[in-house]
Amino acid sequence: MISTGLRLSSVVPATVTAEQNMVHELTDMDLAMKLHYIEGLYFFKSDAVEGLTIYDLKKPMFHLLQLQFTASGRIRRSETGRPFIKCNDSGVRIVEAYSEEAMDQWLAMAMEDSSRFDGLTYNQALGPDLGFSPLVFLQFTWFKCGGMSVGLSWANVLGDAFSASAFINMLGKIMAGHLPLKPLHVPVPGKPEFPAPSTPNTSSSLKRVDSVGDYWVTPNNCKMRKHTFHVSAKKLDHLLSNQSTKFSAFEVLSAIIWKSLSKIKENSAQTRRVTICTNSHEREYEIPSNNMVLSTVEADFLVTEADVSELVELILNRRAEEKGIVEEMKGLESGSSDFIAYGANLAFVNLEEAEIYGLELKGQKPVYANYCINGVGDEGVVLVLPGPNYGKEEANIRGGRLVTVVLPENEVAQLKTELQREWSTA
């Protein structure tokens, strides 16, 4: 178990932000993500962290936050009530924790029960004092064997999972003495990528919820639970070989889980439409942003009776990338309502290209890394990520995949059973 004697501190940029009253305007896409939180978790063997002190881990953050200054800011509201980030160098929060268990033992148990990961990342929510709520938490947990985990808690309003991963990867590069050769640039915000509904009752990739005020927590009608499925390289090769056309692991795994959840959910008609979230471009030298592309896929047949290959084809070729500004989002400006994206529909997030093994300490990659999203709506979210390679230099397909789900608690056990049946016949 994690020691209750947590130690909290803050790290601020090495120098004061150049413009004293600098602000970072939030796009509509940013605000659509404001009730969601991203968690990243990394495990390092003892020889990767031997001799490292908390000062050694904090020192590169001073320069990192000088480059990624929005991460040190705090939420403020304009006269109209629209939130923005004031770049006031308030810093990120650091959490130090200790466990009386060995890391290998912890990981072995977590493979069966993903709740074991709880406590290794700080449980973050912005508000109710928005002006004092850090956008980023980093938790360092030392295990009795000498190993260490690094837990990243990241407010999605700041940027998406690719931005979060790029942020912490740059921490490792700076720690190794590899400073960026060029300054980070602020991406030019495009128009929010959401559809204009044809009727007031037409849902898109967003769901309107009552205004949460200054406490940015998603209202749920049920208890949500997370779980990670570990798809081995051998199983993944078998699943891909069963498809007549070449598809990615993301599309095949998403199709299998889409069908399985359609069998489980009481109203299977709700799962005829799903949201697909994919990356748009490289983020390494950018200020954090929300630039994932949201698309919707809608089946005009019963998903429960469909062949997996039919669903794969839909995901690959029939998804509608959403463009334009929705009338619904006018509520964001007045603060009369809020929105959720993850869990508005059942959402599939493609993180196969995310460099989640890009954080290196003393030249060593983590033996295990995983990402999750908190603040998910009742329909749930599915993340597909690279699997662990345990230090071997081999392609991701050889290392399998992680499939991390956040679903209503009663659906997780049913999904385990259904996937065992589906994969055994695939």
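Analyst: What follows begins with the chain as a whole, turns to the helix pairs and ends with individual residues.

The model is predicted, and for that reason local features are taken only where pLDDT is at least 70 and side-chain atom pairs only at pLDDT 80 or more, whereas totals for chains, interfaces and linings use all residues. Residues are numbered from 1 along each chain as its sequence is written, and side-chain values use heavy atoms, with hydrogens and water left out.

The secondary structure of the chain comes to 10 helices and 18 strands; these are DSSP runs numbered from the N terminus, with helices being H or I of at least four residues and strands E of at least two. Of its 426 residues, 57% count as buried, a term that means under 20% relative accessible area, with exposed meaning over 50% and partly exposed in between (1.4 Å probe, protein chains only). Among contacts between residues at least 6 apart in sequence, 79% join residues at least 24 apart, where a contact means heavy atoms within 4.5 Å.

The helix pair α7 (residues 249-264) and α8 (residues 308-317) has axes that come within 8 Å and cross at roughly 120 degrees; axes are lines fitted to C-alpha atoms, for helices over the stretch in contact, and angles run from 0 to 180 degrees between N-to-C directions. The two helices are therefore oblique to each other, since angles under 35 degrees count as roughly parallel, over 145 as roughly antiparallel, 65 to 115 as roughly perpendicular and the rest as oblique. The crossing of α7 and α8 is right-handed, meaning that the near helix is turned clockwise from the far one by less than a right angle. On the α7 side the contact is made by E251, V252, S254, A255, I256, W258 and K259, and on the α8 side by V308, L311, V312, L314, I315 and L316. By class, this contact has 10 nonpolar, 1 polar and 2 charged residues, with Ala, Val, Leu, Ile, Met, Phe, Trp, Tyr, Cys and Pro counted as nonpolar, Asp, Glu, Lys and Arg as charged, and the others, Gly among them, as polar.

Helix α3 (residues 54-67) packs with helix α5 (residues 161-175) at an angle of about 120 degrees, their axes being 9 Å apart, and α3 passes α5 in a right-handed crossing. From α3 the contact draws on D56, L57, P60, M61, H63, L64, L65 and L67, and from α5 on F167, M170, L171, I174 and M175. This contact has 11 nonpolar, 1 polar and 1 charged residues.

In the loops, D89, between β5 (83-86) and β6 (92-98), has a positive phi near 60 degrees without being a glycine, and D89 counts as buried at 16% relative accessibility. K362, in the loop between β15 (346-350) and β16 (368-374), likewise has a positive phi, of about 55 degrees.
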